[in-house]
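The exercises below ask you to read strands, helices and chain contacts from a model. Try each task with the structure in view before you turn to its solution.

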Amino acid sequence: MLKVEGLCVQFKHRGGASLAVENVSLDVAQGEIHGLVGESGAGKSTIGAAIMGLLPAAGEIAAGTLMLGDTDLRRLSPVEAHRLRGKRISMIFQDPQTSLNPLMTIEAQLIETILAHEDISTDAARRRAIDLLEEIGIANAETRIRAYPHQFSGGMRQRVVIALALCTNPELIIADEPTTALDVAVQAQVLDLIRRLARTRGVGFILITHDIGVIAQVSDRVTVLRGGKVMEQGETARVLGQPEHAYTTALMAAVPPLGRRLDRFRLPRVAGEAEIATQVDLAREAEDWLMAGTGTGPGPALDISGITVRFRGERRGLFGAREDFTALEDVSLSVRPGTVMGLVGESGSGKSTLAKVIAALVQPVKGDMRLDGARLPPMRSRARSDPSRRMVQMVFQDPYSSLNSRHRVIDILSEPLWLYGLERDAARRDRLARAMLGLVGLMPEAADRYPHQFSGGQRQRIAVARALLSRPGLLLCDEPTSALDVSIQAQILNLLKDMQARFGLTTLFISHNLAVVRQMSDDIAVLKDGRLVETGLSEAFFAAPTASYSRDLLAQTPTVRFDGETSPATRAKHSIRRE
Amino acid sequence: MMLARLKRSEGIWLFSRSPAALLAAIVTLVIVLGALLAPWIAPTNPYDLASFSLIDGLLPPVWEAGGDARFVLGTDDQGRDMLSSILYGARLSLSIAAMAMAVALVLGVGLGLAAGYFGGRFDAIVMRIADVQLALPAILTALLIDGISRGILPRDLHDDLRIAVITLAIALSLWVNFARTARASVFVERNKDYVQAAIMMGQHPLRIMLRHILPNIVGPLLVIATVDLASAILLEATLSFLGVGLPADSPSLGTLIRIGMQYLLSGEWWILWIPTLFLVVLVVAINLLGDFLRNLFNPSLR
């Protein structure tokens with residue numbers, strides 16, 4: 001149905017043009033789900049945009065043919081292309097929060113789309129919209145259709161987006177990371193829906209994702225992309241079962257397994273490619289300096305007890321009382337010296353809030369914190385000169401916002417050195433900052449550049465270097481890899497693991513990804529709605545969680561197995577193994 | 001090396017591709033240079049009573065019948081050369097506008113930064129003062145300050161301080177823009193992790209505001225500064241035109257226009273129209289530059 005041959009997309013810029021997609025060919029048949037998988041920058045979304053005819057202004061199709069049935073997509077006039085979009089090809093976007101208009105009811109948005117493409121009465125359009133909502137699994141569609149987007153949950157909203165894509169009966173739907181913004185449990189439901197729609201309605205899907213687990217769950221055929229080129233293409237079962245290209249193997253290996261614990265995360269590196277050269281002698285210097293400051297013993301013990309955090313709520317009406325929101329309720333836990341405590345829970349469970357309480361960014365209403373027995377004052381009473389300011393450091397979730405984009409890396413890194421009076425001599429500070437870059441696997445020359453000149457993974461390395469340059473004892477890692485690609489995630493986690501082990505840092509590691517937490521931590525704490533549900537040794541937890549919520553959480557996490565099953569039907573059953 | 005970096009920068013590239021911005025920049029540059037260098041390039045000195053005589057009064061520009069080659073743009077009733085008056089007037093207008101801008105910038109950005117950073121009661125108080133300020137027309141503010149200074153300063157001192165008074169009046173009506181923009185930008189930046197990291201590390205609030213946040217919000221402030229420079233020039237002209245501003249013996253652009261008003265219907269059109277046209281060109285050029293800067297700092301508008 002869709003036939004793409006030899007597609008090349010180039011982006012023009014000041015210095016000329018660069019190829020973003022090089023010689024990509026793919027076919028999508030009716031009712032088939034074709035997965036496009038690769039790291040960011042692989043050109044996945046660009047292919048989708050080229051098919052839709054929605055390339056950004058600087059981009060253009062340099063070569064290749066795009067055929068949808070008998071229509072040549074490259075020959076369409078702008079008006080014809082406009083009519084085709086939405087009618088024959090439609091799109092599902094990543095974030096259901098932003099792809100629906102918050103000021104319009106679902107009904108209005110669906111009817112508007114249908115009427116834009118078909119000449120039928122409003123009543124007929126409404127009828128079709130209601131049928132569609134029922135088909136995609138929204139109960140009471142008749143009444144729910146009058147609701148606004150914010151009255152639906154994230155998963156339901158993504159269903160509505162899918163309904164919006166389906167309402168004109170398109171032949172092809174391009175789904176660009178449709179589940180990336182969703183929680184794991186909801187992700188499985190949305191993927192099930194996509195598979196069902198492909199089967200029952202015969203719609204072709206192009207599923208763009210960076211998550212090879214998603215590919216394993218739903219797609220029939222898969223194209224593995226890297227740097228705009230096709231690495232491997234074929235039946236999903238064959239490609240994942242007996243990968244021919246080393247990159248595919250590497251990409252699969254980078255997904256941390258939930259089932260067992262590895263010493264190191266595997267990197268998706270093709271054999272023969274060099275690992276990032278560590279500057280050995282420089283790194284040595286930084287290491288010695290850290291050792292000299294922290295000693296060889298493990299970091300401090302962290303004990304927190306009875307932490308409760310409430311956020312001021314909105315006043316309901318003029319005379320209504322405020323309804324405060326309790327983010328954390330009576331949370332107590334202890335992190336043993338020099339070990340990693342993994343903190344897990346769904347989004348909104350209060351994980352990050354806890355880290356912010358320890359970092360003195362959020363004021364608890366009550367509770368007590370102790371660092372090696374000494375009282376750790378909460379936000380309002382923690383002085384700027386408090387020794388814990390240096391001892392407690394944090395690696396933030398989003399490396400794009402945690403580094404000041406107007407400062408050079410060298411300035412960012414020397415800041416803790418002079419702030420805490422660790423090195424009085426400016427030249428020595430400079431040298432040490434560069435040495436630390438060597439230790440985290442960057443070149444010392446990186447110091448003279450600005451953060452925006454680095455990739456996400458490199459920025460996170462800089463953030464780790466900044467934290468280490470305070471000679472910390474306690475490291476708070478708040479989802480340090482959730483903004484990164486799988487391959488880079490492995491590198492950063494390895495780095496954190498190495499640093500933690502080498503310097504005996506006491507670490508609180510926050511993640512929603514249970515597989516990652518299993519690899520990282522010695523102990524585990526589970527949070528739900530601000531309450532501690534379970535704590536215990538990591539291995540014991542994964543072997544036999546005691547709280548029922550923990551069991552649910554583990555069961556909802558899809559584990560991906562890439563064992564060479566051949567028939568898509570059996571693969572579909574087996575690949576989501578629910579533990 | 002600086003030059004090479006400048007050449008490579010995105011801004012210069014976009015600049016060279018926008019004819020309107022380029023033209024506006026050239027016009028602004030020529031006017032600013034002309035104003036700055038007025039004492040050296042102006043044919044006569046309009047403040048020097050010995051340099052002009054009543055005999056040359058009301059001469060039309062050279063291209064009109066009866067024009068005199070010595071006075072390219074004609075003369076006013078006193079026999080002063082219009083070109084020299086305009087250059088000196090622009091010099092005065094521009095320096096007042098620039099000084100007022102500087103005061104408004106420091107006051108507004110300082111208060112806005114602190115209000116956005118600390119929030120709470122301080123923010124509420126600053127912003128209510130800003131609201132009150134917005135409700136007062138600039139002319140009223142100027143009259144108020146003029147009146148107060150007249151009351152508390154001795155007369156001769158007051159005349160000497162007229163420039164300071166008008167600068168303060170303009171600054172007071174412009175700082176609100178800066179304060180509001182700075183505050184809104186700080187609200188956005190404050191929640192970013194790099195600021196949180198700085199707070200967590202225990203850095204001094206002043207350092208966080210000036211060294212961490214300020215460089216990140218400089219873009220929108222620069223745009224406001226450019227656009228407001230044009231308003232400051234206009235405001236000065238308005239005040240002088242109404243006679244609240246500068247006296248007739250130190251002619252700013254506004255004073256020149258006020259003097260020219262008397263000849264509007266008597267045939268000596270150049271005395272009014274040439275300074276007016278000059279003012280319009282200057283303000284439009286600066287506004288065009290401001291628009292360009294806004295587009296540059298807001299890539300989504302590109």
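**Exercise 1. Describe how strand 1 of chain A is joined to strand 2 of chain A, and how strand 1 pairs with its partners.**

Solution. Strands here are DSSP runs of E with at least two residues, helices are runs of H or I with at least four residues, and both are numbered from the N terminus. This is a predicted model, in which local features need pLDDT of at least 70 and side-chain atom pairs count only at pLDDT 80 or more, while totals for chains, interfaces and linings use all residues. Residues are numbered from 1 along each chain as its sequence is written, and chains are lettered from A and ligands numbered from 1 in the order in which they are written.

Next, count the bridges, remembering that two strands pair if DSSP finds at least two bridges between them. Strand 1 (residues 2-13) of chain A and strand 2 of chain A run antiparallel and are joined by 9 bridges, and Phe11(A) stands opposite Ser18(A) in strand 2. Strand 1 of chain A also pairs with strand 4 of chain A, in the antiparallel sense over 8 bridges, where Lys3(A) stands opposite Met67(A).

**Exercise 2. What is the strand order of the open sheet of 4 strands in chain A, with antiparallel pairing?**

Solution. The order is 2-1-4-5. The edges are strand 2 (16-28) and strand 5 (71-72) of chain A, each of which pairs on one side only. Strand 4 (residues 59-68) of chain A is joined to strand 5 of chain A by 2 bridges and runs antiparallel to this partner, and Met67(A) stands opposite Asp72(A) in strand 5.

**Exercise 3. Work out the order of the open sheet of 6 strands in chain A, and find helices that lie against its strands.**

Solution. The strands follow the order 6-7-8-3-9-10, and their pairing is mixed. Strand 6 (89-92) and strand 10 (229-235) of chain A are the edge strands, each pairing on one side only, and from one strand to the next the twist averages 15°. For a parallel pair, take strand 3 (residues 33-37) and strand 9 (residues 221-226) of chain A, which 4 bridges join; within this pair, Gly35(A) has Val222(A) as its bridge partner.

Now turn to the helices, with angles running from 0 to 180 degrees between N-to-C directions and axes being lines fitted to C-alpha atoms, for helices over the stretch in contact. Helix 1 (residues 44-52) of chain A packs on the sheet, touching strand 3, strand 6, strand 7 (172-176), strand 8 (204-209) and strand 9 of chain A, and its direction makes about 150° with that of strand 7. Helix 10 (residues 246-253) of chain A lies across strand 9 and strand 10 of chain A, at about 95° to strand 9.

**Exercise 4. At what angle do helix 14 and helix 15 of chain A pack, and which residues meet?**

Solution. Helix 14 (residues 409-419) and helix 15 (residues 426-439) of chain A pack at about 115°, their axes being 9 Å apart. Residues count as in contact if their C-beta atoms, placed from the backbone, lie within 7 Å. From helix 14 of chain A come Ile410(A), Leu413(A), Ser414(A), Leu417(A) and Trp418(A), which meet Arg429(A), Asp430(A), Leu432(A), Ala433(A) and Met436(A) of helix 15 of chain A. By class, this contact has 7 nonpolar, 1 polar and 2 charged residues, where Ala, Val, Leu, Ile, Met, Phe, Trp, Tyr, Cys and Pro count as nonpolar, Asp, Glu, Lys and Arg as charged, and the others, Gly among them, as polar.

**Exercise 5. How many residues does each chain give to the contact between chain B and chain A, and which element of chain B gives the most?**

Solution. Chain B gives 15 residues and chain A gives 19 residues. On the side of chain B, helix 10 (193-201) and helix 11 (205-241) are the elements that give two or more residues, and helix 10 of chain B gives the most, with 7 residues. The residues on this side divide into 7 nonpolar, 6 polar and 2 charged.

Finally, consider confidence: the predictor gives the complex an ipTM of 0.76 and a pTM of 0.78. The mean pLDDT (the predictor's confidence in each residue, from 0 to 100) of chain B is 84, and 94% of the residues of chain B reach 70 or more.

Definitions and conventions:
Two residues are in contact if their C-beta atoms, placed from the backbone, lie within 7 Å.
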